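Here are a few exercises to work through with the model open beside you. Try each task before you read its solution.

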Amino acid sequence: MRKEVVAAAALTAAAAITAIAALVRHRKRRKEQQWKETQKILRKFARDCATPVPKLWQVANAFVANMRSSLIASNGTNTSLNMLVSYVASLPSGDEEGMYYGVNLRRTDFLLLCARLRGKNDPISDFHREEIHIPTNLLDGTGSTKELFGFIAVELGKFVEAHPNSEMKDRPAKNNKLGFIISCPVDQAVATSGTAIPWKSFAADSTLGKKLVHDFNRALEEHGVKLSVYAMVDDTVGTLAGGRYYNRESVAAITLGMGTDAAYVEPADAALQWHGPSPKLGEMVISTQWGEFSTPHLPITIFDTCLDAESSNPGFRRFEKVVSGMYLGEVVRRVLLKMAKETALFGQCVVPSKLMTPYQLSSPDMAAMHQDTSDNREVVGEKLKEVFGITKSTPEVREVVAEVCDIVAERGARLAGAGILGIIKKLGRIENKRSIVTVEGGLYEHYRVFRNYLNSGVWEMLGDNHSDNVVIENSHGGSGTGALYLAASQMKDIDQSQMQDSDPDVEAKPEPEPEPEF
């Protein structure tokens with residue numbers, strides 16, 4: 001009997017060991033299969049996001065075609081672009097000197113700036129910048145445009161008083177130009193000469209652009225501020241003004257931040273939709289509104305399609321949704337969520353709720369994970385815990401996360417580069433002229449790998465023969481400083497006009513316009 005018990009126990013133990021071994025083998029096979037599925041998702045995502053040079057040129061050429069169509073038809077017929085003529089009187093030449101003031105109106109605040117320009121060969125000096133938050137009642141629907149402008153005028157008056165310019169005292173307000181740029185989304189890039197500019201980010205009442213400029217100048221007058229605004233332009237136009245101040249070959253500017261846009265200088269006779277006064281120097285600044293650009297050649301994945309369908313503007317701003325900082329992290333999150341659900345990338349437990357929360361991953365956090373060079377991707381592990389509440393992750397898993405970030409960033413950066421070369425090609429400057437493109441925005445300035453991918457993509461597209469013809473530079477002075485360069489260029493126009501008026505030998509006839517450099 002005892003022998004039988006011992007034998008039974010041995011059999012039971014053997015069976016348990018066999019069962020445990022089988023379970024271990026099963027779990028190992030399951031993990032191996034899940035890892036294969038993870039790699040399968042990753043490889044397919046990489047293929048769908050691929051941007052080889054031929055694909056990039058397809059995108060660039062489609063962008064050129066859309067630009068041409070938009071310039072011909074103001075209603076945007078047969079084009080995904082609705083490019084806007086931004087009629088600033090002139091761009092800086094680099095000779096402007098003196099102290100100037102600017103305003104940068106943003107979503108919930110505005111910047112007040114002043115600086116002394118000393119010509120393009122010397123750095124700006126006496127630079128001051130102040131950030132003012134806009135009261136809630138001016139943003140929640142209870143305030144009006146008049147009240148908003150009044151508030152800005154009051155704060156600007158204080159700023160000018162704290163940083164005075166003695167040269168202003170003896171000049172009438174209309175001759176003291178103030179640069180004004182807008183960083184919040186609007187329907188028009190410029191508010192002058194009667195152009196419409198409905199506010200999107202403000203509940204303040206919408207009105208015609210000419211009235212906006214008039215109303216703001218009235219607010220300045222009412223509050224005793226001896227400055228006046230000639231035009232309100234978007235921040236990308238301001239960035240272009242800054243680039244042109246330092247180099248005549250600066251022909252385009254790009255904003256790459258939470259949003260994205262591009263502006264460039266076009267020969268005036270190409271902008272057929274413009275019906276206002278003829279610009280000086282035979283050129284116009286065009287805001288491309290390239291976030292709206294769309295073409296079948298864009299490498300769109302199922303993750304982008306779902307993001308677009310669930311966005312507040314499905315079917316619109318497709319280019320922005322694959323390029324700008326607002327959406328890069330969200331695409332990464334959606335890929336990781338699919339892996340977590342289908343391959344248990346982060347373990348067998350329930351998928352963390354934060355991983356299922358839209359827009360939980362910001363582009364700065366994405367950049368931090370992507371650019372992590374520490375042993376075992378330790379920063380990735382910290383960000384997974386901080387952002388998604390994922391407390392445990394293996395080095396292999398963290399590597400997958402970094403690879404997803406790399407795929408998304410590379411695609412966005414190279415597509416932005418294709419857009420840049422589309423503009424340069426439209427201007428006919430790729431083969432025989434040097435062109436400088438100024439880029440502003442945190443995505444380009446602070447996301448090193450993204451910046452490198454953009455530059456390398458442009459070089460690959462141009463090839464060895466033309467790679468030196470397009471130079472991409474950081475913006476000069478940071479956010480809002482474009483307003484100062486615009487103010488300087490408008491003041492120079494006034495000074496030149498007054499010199500002509502005071503010279504009895506100058507006949508009252510227009511000078512012939514020089515040929516544009518295109």
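**Exercise 1.** Work out whether F45 is buried or exposed, then find how its ring is arranged with that of F303.

*Solution.* Start with accessibility: F45 has 1% relative accessibility, so F45 counts as buried (buried means under 20% relative accessible area, exposed over 50%, partly exposed in between, with a 1.4 Å probe and protein chains only). This is a predicted model, in which local features need pLDDT of at least 70, side-chain atom pairs count only at pLDDT 80 or more, and totals for chains, interfaces and linings use all residues. Residues are numbered from 1 along each chain as its sequence is written, and side-chain values use heavy atoms, with hydrogens and water left out.

F45 and F303 form an edge-to-face pair, with 5.4 Å between centres and 90° between planes.

**Exercise 2.** Determine which parts of the chain the pair F293 and F319 ties together.

*Solution.* First, the geometry: F293 and F319 are edge-to-face, 5.6 Å centre to centre with 65° between the planes. Then locate them: F293 is in the loop between strand 9 (283–287) and helix 6, and F319 in the loop between helix 6 and helix 7, so the pair ties together parts 26 residues apart in sequence. F293 is buried at 1% relative accessibility, and F319 is buried with a relative accessible area of 1%. Widen the view, and ring pairs link F63, W290, F293 and F319 into a cluster.

**Exercise 3.** Describe the surroundings of S324.

*Solution.* Begin with its place: S324 is in the loop between helix 7 (320–323) and helix 8 (325–343). S324 counts as buried because its relative accessibility is 0%. Leaving aside residues up to four places away in sequence, S324 touches G257, M258, G259, T260 and L443 (contact means heavy atoms within 4.5 Å). Last, look at M258: its backbone oxygen lies 3.2 Å from a polar atom of the S324 side chain.

Terms used. Helix = DSSP H or I, 4+ residues; strand = E, 2+ residues; numbered from the N terminus. Polar contact = N/O pair within 3.5 Å; in protein donor to acceptor, adjacent residues only side chain to side chain. Phe/Tyr/Trp six-rings, centres within 6.5 Å; stacked < 30°, edge-to-face > 60°.
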